[in-house]
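Please keep the structure in view while reading.

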Amino acid sequence: MRFLRCADSGLLVELADLEAVQALYAALVEAPPEGVTDLVPAARTLLLHLDPQRADVAAIEAAVRAVEPRGTAGGDGALVEVPVVYDGADLAEVAKLTGLTEREVVDRHTSAVWTVVFGGFAPGFGYLAGGPPELAVPRRVESRTKVPPGSVGLAGAFSGIYPRESPGGWQLIGRTDLEVWRVDRNPPALLRPGVRVRFQEVR
Amino acid sequence: MSCLQVLATGPLATVQDLGRPGLAGIGVGSSGAADGGAFRLANRLVGNDEGAAAIEVTFGGLEVRATRDLTAAVTGAPCPVTVDGRGAAVNSVLRIPAGAVVRVGMPDRGLRSYLAVRGGISVEPVLGSRATDVLAGLGPEPLSPGAELPVGPPPQRFPQVDLAPVAACEDGEITLRVAFGPRHDWFTEDALTALVGSSYEVTPESNRVGMRLSGPALERCRTDELPSEGMVAGALQVPPSARPTLFLADHPVTGGYPVIAVVVAADLDKAAQARPGQRIRFRR
């Protein structure tokens, strides 16, 4: 565990791996130390946003070190089923990159139970981990200027669903009609950290 | 219902408050007024809670008509203000008769001004806030002519001063205090020296998300890929162009390029008032 200061506005905690980030996030989100205004879990770090008026950085560091890690991510552990039409523009490319057939890519994507490990990129975008290692693919060399909402993609070890039209470099394998983000719904994001996801093929 | 009718907006006018912190887990940044100090002052002058929604005016050009008698204040970048054509002072309490037009002209220094009205702008909150986040596309749309903004009921507190003494925004080169980190060790010694030893110019590619700066290149000594990580306002993120971007209120929740240094919180308001062409010096 390494602490990196972001002046008086933040404390970046660098951890060994995604699991360690999850464990620390799960513990801190339930009981954030005094002066911490927001938590940003990522692949290998957890950022603590600080209120510079109230935060005692030394005390916060001590509190973080004293945390009993949890086994599971925060959130309610709900299972979201995502219906997907697997006709993405990059499906053939993903098959080539992974050495699988397109059918095998779809089978592996639908057989795993994924977990939202962190958000970011856009409101409602959840990074899904826990898929089969064979599906790990690099981002596209050229990112698209417009990815349609509902696009289901792969990048690195993650899968994700674009909540709205935006630029993006993920390899697109399919699309869903499920609205993963609606501000007039409570909660607005279906894919919150800790939520589990199973993709289902629809034709 | 009483309201403000928007007649003109200038380059960009948005409704802002103190933002929606606490939602980073679902990819939502804090947003809110870029110059929080000026924003809070505007609300205090009219007797509002500091977090009541007000209008952030970028580089002047706002014209609104009041549909009933209102109390208002303009703070931030000092600009010529008129009420029905008559000059009025910034950082003071303004009485706006029903039907009068308030004009907020182009500031002669600074970039962002705030127009607060007693009662606050009472558009529907989104996720607990009335702030417009231009990156996330959350909150009310940026203002456009013809928009009607409801004004809330006046608070119980009354304005207590007529005029607030405020240091004017700085003209010419501004100095912002920084602390190195969190990824300063990804950069060469020369880069760290250049960052605090020379000045950078604010480019026109600047908005509420961040300011792109031009100046000496900040070369990296580590070229491997950084997994995306959380970002704070004030972060100086260095993309492959080797020129830093200074993140402001609507910055992305996470970023994939290393942060060489972070502007201290107390200097963020000053950063938000830097206009394209202005020079910035970073001091440790």
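The model is a predicted one.

**Salt bridges**

Over all chains, the structure holds 29 salt bridges. Side chains of opposite charge can pair when their charged atoms come close.

| Residue | Partner | N to O distance |
|---|---|---|
| A:E201 | A:R103 | 2.6 Å |
| A:D184 | A:R182 | 3.1 Å |
| B:R208 | B:E56 | 2.8 Å |

A salt bridge joins the side chains of A:E201 and A:R103. Because A:E201 sits in strand β13 (residues 196-201) of chain A and A:R103 in helix α4 (residues 102-111) of chain A, the pair ties together parts that are 98 residues apart in sequence. A:E201 is partly exposed, at a relative accessible area of 27%, and A:R103 is also partly exposed, at 36%.

In the salt bridge between A:D184 and A:R182, A:D184 is exposed, with a relative accessible area of 61%.

In chain B, the side chains of B:R208 and B:E56 form a salt bridge. This pair links distant parts of the chain, 152 residues apart: B:R208 belongs to the loop between β13 (199-206) and β14 (210-214) of chain B, and B:E56 to strand β3 (residues 54-58) of chain B. Both B:R208 and B:E56 are buried.

**The interface of chain B and chain A**

The size of an interface is often given as the accessible area lost when the parts come together. For chain B and chain A, about 2,400 Å² is buried between them, and 63% of this lies on carbon and sulfur atoms. The contact involves 34 residues of chain B and 36 residues of chain A.

How many salt bridges does the rule find across the interface of chain B and chain A? The count is 1.

Between chain B and chain A, 9 residue pairs are in polar contact. On the side of chain B that touches chain A, the elements giving two or more residues are β12 (174-180), β15 (229-230) and β19 (259-263) of chain B. By class, that side of chain B has 22 nonpolar, 9 polar and 3 charged residues.

Terms used. Residues are numbered from 1 along each chain as its sequence is written. Chains are lettered from A and ligands numbered from 1 in the order in which they are written. This is a predicted model: local features need pLDDT of at least 70, side-chain atom pairs count only at pLDDT 80 or more; totals for chains, interfaces and linings use all residues. Side-chain values use heavy atoms; hydrogens and water are left out. A salt bridge is a side-chain nitrogen of Lys or Arg within 4 Å of a carboxyl oxygen of Asp or Glu. Helices (H or I, at least four residues) and strands (E, at least two) are DSSP runs, numbered from the N terminus. Buried means under 20% relative accessible area, exposed over 50%, partly exposed in between (1.4 Å probe, protein chains only). Contact means heavy atoms within 4.5 Å. Buried area is the accessible area (1.4 Å probe) that two parts lose on being put together, summed over both. A polar contact is a pair of N or O atoms within 3.5 Å; within protein, one must be able to donate a hydrogen and the other to accept it, and residues adjacent in sequence count only if both atoms are side-chain atoms. Ala, Val, Leu, Ile, Met, Phe, Trp, Tyr, Cys and Pro count as nonpolar, Asp, Glu, Lys and Arg as charged, and the others, Gly among them, as polar.
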